[in-house]
Amino acid sequence: MSGLPKVELHLHLEGAAPPAFIRRLAAEKHLDISGIFDARGNYRYRDFRDFLKVYEAATSALQTPEDYRRLTLAVLEESAASGVVYSETFLSPDFCGGRDLAAWREYLHAIREAAEEAERKQGIILRGIVTCIRHFGPEKARETALCAAETADHWLVGFGIAGDERMGAPKDFRWAFDCAREAGLRLTAHAGEWGGPDSVRDAVRDLAVERIGHGVRAIEDLALVDELAETGIVLEVCPGSNVALGLYPSFRAHPIAELDRRGVKVTVSTDDPPFFHTTMAREYEELHRAFDWDEGQFRRIARQSLDAAFCDADTRTRVAQKLEA
Ligand code: ADE
Ligand code: ZN
């Protein structure tokens, strides 16, 4: 199963940085962030809030467009090795130039150059989704949305929100989402990870998103599950992330299979793979082991993911050919 072609819709670019890569950058910059690593050199964190702190400390080593060019190449090489043929990655103007539009353009240019190089070398196709960060607050999200709106095109295809779901409410970010939608960007929001079913309802109602990042806690309210199935809202499910952060004790206890059985459009992603000791290949292996999913099931999910991708029709056709190859 792990060799099958895959489509990934939920990947944070900084969160995909291998710890050795971040250590090397930090050493180059004489930055001491040794406290975020354990004795074996992996990222170390206690819980979700601590994970966000460690994530931001690791990101502090990424300081220039060139750093992001190298990061993008490293991340796409790993994704391609896992069989990913198409990936959408979250990009943060907060970390790429502090929400300054001119700086953001330079970071974006470097990331896109790396993506073109990876596509030439490995055939993997990347598209970007700008994400604002919930715990940075609605004012910063407005600036982030303006960066996204100014750079929206066939490559920068979406807008979303990540960060600490327990702070603020989706409606606080309505201006940012309206701004992104008016610029032609497609919308997704993290919800139903640390918030319950109502957090999913709020994101759908107040931000009019068509995809939800995680959304798995919808399973606690079967009326909501039916609603998601009927309206075709897509869940970007990251099972290994949820298990690593302690939301569920194991893959077997994860609701992805039940959501799928009940007709919800589920997809499979890694979120922040090195933080959660996972890869897309490992997600497939664990899902096969936990739920006996077979090749047909994985091919159906990859096609469902491609249908939910924010890319244009030409790109979708090209990726479909890769899935069928
Ligand atoms: N940023 C990076 N990973 C995240 C996650 N799993 N939830 C919320 N924000 C994040
Ligand atoms: Zn995420």
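This is a predicted model: local features need pLDDT of at least 70, side-chain atom pairs count only at pLDDT 80 or more; totals for chains, interfaces and linings use all residues.
Residues are numbered from 1 along each chain as its sequence is written, chains are lettered from A and ligands numbered from 1 in the order in which they are written, and side-chain values use heavy atoms, with hydrogens and water left out.

Strands (E, at least two residues) and helices (H or I, at least four residues) are DSSP runs, numbered from the N terminus. His-10 is buried, at a relative accessible area of 0%, and His-190 is also buried, at 8%. The term buried means under 20% relative accessible area, exposed means over 50%, and partly exposed lies in between (1.4 Å probe, protein chains only).

Strand 1 pairs with strand 2 in the parallel sense over five bridges. Two strands are taken to pair if DSSP finds at least two bridges between them. Lys-6 has Val-84 as its bridge partner in strand 2. Strand 2 (residues 84-91) is mostly covered, with eight of its eight residues buried. Strand 2 also pairs in the parallel sense with strand 3 (residues 125-133), over six bridges, and Ser-87 stands opposite Leu-126 in strand 3. In a regular strand the side chains alternate between the two faces of the sheet.

Ala-27 is placed in helix 1 (residues 19-28) and is exposed, at 52% relative accessibility. From Ala-27 to Glu-88 the distance is 29 Å, C-alpha to C-alpha, with the two residues 61 apart in sequence. Leu-235, in strand 7 (residues 234-237), is buried at 0% relative accessibility. Leu-235 lies 9.8 Å from Ala-191, C-alpha to C-alpha, while the two are 44 residues apart in sequence.

A disulfide is a covalent bond between the sulfur atoms of two cysteines. It is assigned here to a pair of cysteine sulfur atoms within 2.5 Å, and the count by this rule is zero. Cys-132 is in no disulfide, as the nearest cysteine sulfur, that of Cys-179, is 11 Å away. For Cys-238, the closest cysteine sulfur is in Cys-132, at 17 Å, which is too far for a bond. Cys-132 is buried, at 0% relative accessibility, and Cys-238 is buried, at 0%.

The largest pocket holds about 200 Å³ of space. Among the 15 residues of its lining, those closest to its centre are Glu-78, Pro-273, Pro-274, Thr-278 and Thr-279. Helix 3 (65-81) and strand 1 each supply at least two lining residues, and helix 3 gives the largest share, four residues. A pocket is found on a 1 Å grid over the protein atoms alone, as an open set of points where a 1.4 Å probe fits, with protein on both sides within 12 Å along at least five of seven lines; lining residues have an atom within 4 Å of a point. Grid points are joined across faces, edges and corners, and a volume is the space filled by probe spheres set on the points.

Positive phi values were found in two residues other than glycine, His-214 and Asp-292. Phi of His-214 is near 75 degrees; this residue is in strand 6 (residues 211-214) and is buried, with a relative accessible area of 0%. Phi of Asp-292 is about 60 degrees. Asp-292 is in the loop between helix 11 (280-291) and helix 12 (295-308) and is exposed, with a relative accessible area of 60%.
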